[in-house]
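This report covers the strand pairing and helix packing of one model. Please look over the sequence and coordinates before reading on.

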Amino acid sequence: MTILSEIITYNKEFVNEKKFEEYATTKFPDKRIVILTCMDTRLTELLPKAMNLKNGDAKIIKSAGAIVTHPFGGIMRSILIALYELQADEVYIIGHHDCGMSSIDTEKIIGKMVNRGVDKNLFKTLQYSGIDMTDWLRGFNDVTESVKRSVDQVRNHPLMDRKVPVHGLVAHPDTGLLDIIVNGYDSIDEN
């Protein structure tokens, strides 16, 4: 049995037994927050529990390292949609200790791509087209500085409402303990 077939078999049972009913909510976040966090598997259930969140409380965006890599990419687009269309009022950027993005070696990743069949000449084409693979795949050395950079990118985005607090936190992936790196209330524009 494949993983997909296991998922579909369970899904049919989930729907037939109406297990979905306990998760019923609307598309609007009850706590009116949007969270950008890492896709790390340790945070899947731990982070919402550590923040006392239940289904429907928050819009949660996941990305490798909780990094905003482009001011007009999908992550920033999702944050703006959450704020302007889906009733979120605050942004939380939550990185974590022991993040896989802190040890990224872009040359090794490119080597793995080639080993899986990506033509190595393609990387020259990308380079000549203005794509810096090292920058695009980059990680970080210090999670605190990375969170600060992402908070800064969101807070200073030209389409961002200056009255929206943008918080930066770092989670401990074993305990869920949250350290405040940037208190967004300290820097909101009251005018």
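## A sheet built around β1

All six of the six residues of strand β1 (residues 33-38) are buried, so β1 is largely enclosed by the rest of the structure. Buried means under 20% relative accessible area with a 1.4 Å probe, protein chains only. Helices (H or I, at least four residues) and strands (E, at least two) are DSSP runs, numbered from the N terminus.

The model is predicted: local features need pLDDT of at least 70, side-chain atom pairs count only at pLDDT 80 or more, and totals for chains, interfaces and linings use all residues. Residues are numbered from 1 along each chain as its sequence is written, and side-chain values use heavy atoms, without hydrogens and water.

The open sheet has five strands in the order β2-β1-β3-β4-β5, with mixed pairing. Its edge strands are β2 and β5 (178-182), each pairing on one side only. From one strand to the next, the twist averages 25°. Strands pair if DSSP finds at least two bridges between them.

| Pair | Sense | Bridges |
|---|---|---|
| β1 and β2 (residues 58-63) | parallel | six bridges |
| β1 and β3 (residues 90-96) | parallel | five bridges |
| β4 (residues 166-171) and β5 | antiparallel | four bridges |

Leu36 has Ile61 in β2 as its bridge partner. Ile35 is partnered by Tyr92 in β3. Ala171 stands opposite Leu178 in β5.

Helix α7 (residues 143-155) packs on the sheet and touches β3, β4 and β5. Contact means heavy atoms within 4.5 Å. The direction of α7 makes about 160° with that of β4. Axes are lines fitted to C-alpha atoms, for helices over the stretch in contact, and angles run from 0 to 180 degrees between N-to-C directions.

Technical notes
Buried < 20%, exposed > 50% of the residue type's maximum accessible area, 1.4 Å probe, protein only.
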